[in-house]
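Please look over the sequence and the model below before reading on. The paragraphs after it go through the structure part by part.

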Amino acid sequence: MHRFRPNRPQSGKLESGRLSDMDDPFELGVSAAGMGTWDWDLPSGSVRWTPQMYLLFGIEAGRFITTFENVMGLVHPDDRPRVEAEVARATRDLRRSVVEFRIRRPDGSVRWLRCTGRAFADDRGQAIRMAGVTEDVSQEKREAKPLRAADAVEGSLSTRQVAQLLGIGEASVKRLANAGGIGFLRSSRKDSRRFAPQQVLEYLRRLPGETRDFETSLAAANLDGCVAALMDELGRGSSLDELLDDRVLPAASGAPGQFIKELLTRLPALVSEARKSMPAFLAVLGHVEGCTTELIDCSLRGHGYSVLTPAASNESAQLVDLVERVRARVVALVAGTDASARRAAADVAASVVARLRGVVVVVHDDGRTALPRGVSRVRTLRELGRLLP
């Protein structure tokens, strides 16, 4: 459990390189680097700022009350939903958080800030405090090369992938391409089309109601907007598994289940096409809440696996026989919270490991049941992706 040292009142001011009454070496070093530090008390909502924070926001210290609500009011309206979502994730997961956003200073200028912080919990595991640093990254933003949408996905996309991303049939994609609605790459093969990601992204962004922010698109139940936003984030260095963990999974608790499931059927096409030579077996044992199964299915398909999901009523012995029959390279078992489901998952995993060689067997459960040697327990899609051959 992280412990805090008491905060001293910050009476010092840094103006034009002059120092008065600030003798904390840490604060001196951080301020010299152009950073401000902040400390947010969640129960009261009050936020402590160092003098550099006021300079970053262009605000006089005596003219602004630093509460969470007031600080959020300084964030650009278009960035606010994303910042609030990141704060909610950080206080829930008690993890390090980094978020960039715009502010408009009182003089009318717009600046980009980067906040890095971590939430801390009390003895009951409840977040009670969050602290971190803030820096101005406006110059970095100006000098950065603009993201090319063509880099959002490595390589070109097939007609089948584009149809999956757009949620339409392949014939409709061809008609769109022939009518000039969506650009495509020329091919020497008759009736063969490949699409640059930039062309698909441009088409998505021309659709009515499209926004470039995932949270805004999600709130508007705009599937095409969600796909476009995640496609853009993929080009900024995120993997599909990271997007599933950090974007889709947190959204699943508040969005309609059918909407999330439809989104998950589209996303694998961002990075891969399923191959028959790479079969994967995904079985659910017991009752599983939410979209856990669909998330794992999406991750497997995103890694190029052709996923077989048997009927939930199959017995353990039947499941093992099916695994052997399809010659699965990966077996993913999702267990419900009841003890019988956990035991069944462990039994199936043990049988598969004993009877088949070279098969990766993973179990997603509540962690209460011992698993046999050779079987991995996964809690996140990142963990699953690292194990896949």
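The model is predicted. The chain has 389 residues, and 45% of them count as buried. Its secondary structure consists of 16 helices and 14 strands. Among contacts with a separation of 6 or more, 58% are between residues 24 or more positions apart. The accessible surface is about 20,600 Å², and carbon and sulfur atoms contribute 48% of that area.

The aromatic residues come next. The structure contains four aromatic pairs. One of them joins Trp40 and Phe68, whose rings are stacked at 4.3 Å centre to centre with 5° between the planes. Trp40 belongs to strand E3 (residues 36-41) and Phe68 to helix H3 (residues 68-74); the two residues are 28 residues apart, and their pair links distant parts of the chain. Trp40 counts as buried because its relative accessibility is 10%, below the 20% limit for that class.

Trp49 and Phe64 also form a pair, with ring centres 5.6 Å apart. This pair counts as stacked because its planes meet at 25°, and the stacked class takes in angles under 30 degrees. Trp49 sits in strand E4 (residues 47-49), while Phe64 is in the loop between helix H2 (51-57) and H3, so the pair ties together parts 15 residues apart in sequence. Trp49 is buried at a relative accessible area of 7%, and Phe64 is buried at 17% relative accessibility. Both residues belong to one aromatic cluster, formed by Trp49, Tyr54, Phe57 and Phe64.

Six of the eight residues of H6 are buried, namely Thr159, Gln161, Val162, Ala163, Leu165 and Leu166. Which elements cover them? The cover includes strand E8 (157-158), helix H7 (170-178), strand E9 (194-195), H8, H10 and helix H12 (257-266). After H6 comes Gly167, which has a positive phi near 70°.

Thr159 lies in H6, which spans residues 159-166. Its relative accessible area is 9%, so Thr159 is buried. Apart from neighbours within four places in sequence, Thr159 is in contact with Glu170, Val173, Lys174, Arg193 and Phe195.

H8 covers residues 197-206 and H10 residues 223-235; their axes are 9 Å apart, at an angle of about 140°. The crossing of H8 past H10 is left-handed. On the H8 side, the contact is made by Pro197, Val200, Leu201, Leu204 and Arg205, and on the H10 side by Asp224, Val227, Ala228, Met231 and Asp232. Sorted by class, this contact has seven nonpolar and three charged residues, with no polar ones. The spacing of such residues can be read against a general rule. An α-helix has 3.6 residues a turn, so residues three or four places apart point the same way.

The last stop is helix H9 (residues 214-219), which contains Thr216. Is Thr216 buried or partly exposed? Thr216 is partly exposed, because its relative accessible area is 32%, a value in the range between the limits of 20% and 50%. Thr216 and Arg80 are 136 residues apart along the chain, and their C-alpha atoms are separated by 9.9 Å.

Key: Residues are numbered from 1 along each chain as its sequence is written. This is a predicted model: local features need pLDDT of at least 70, side-chain atom pairs count only at pLDDT 80 or more; totals for chains, interfaces and linings use all residues. Side-chain values use heavy atoms; hydrogens and water are left out. Axes are lines fitted to C-alpha atoms, for helices over the stretch in contact, and angles run from 0 to 180 degrees between N-to-C directions. Helices (H or I, at least four residues) and strands (E, at least two) are DSSP runs, numbered from the N terminus. A crossing is left-handed if the near helix is turned anticlockwise from the far one by less than a right angle, and right-handed if clockwise. Contact means heavy atoms within 4.5 Å. Ala, Val, Leu, Ile, Met, Phe, Trp, Tyr, Cys and Pro count as nonpolar, Asp, Glu, Lys and Arg as charged, and the others, Gly among them, as polar. Buried means under 20% relative accessible area, exposed over 50%, partly exposed in between (1.4 Å probe, protein chains only). Rings of Phe, Tyr and Trp (its six-membered ring) pair if their centres lie within 6.5 Å; planes under 30 degrees apart count as stacked, over 60 as edge-to-face and the rest as tilted. Accessible areas come from the Shrake-Rupley method with a 1.4 Å probe; for residues, only the protein chains shown count as cover.
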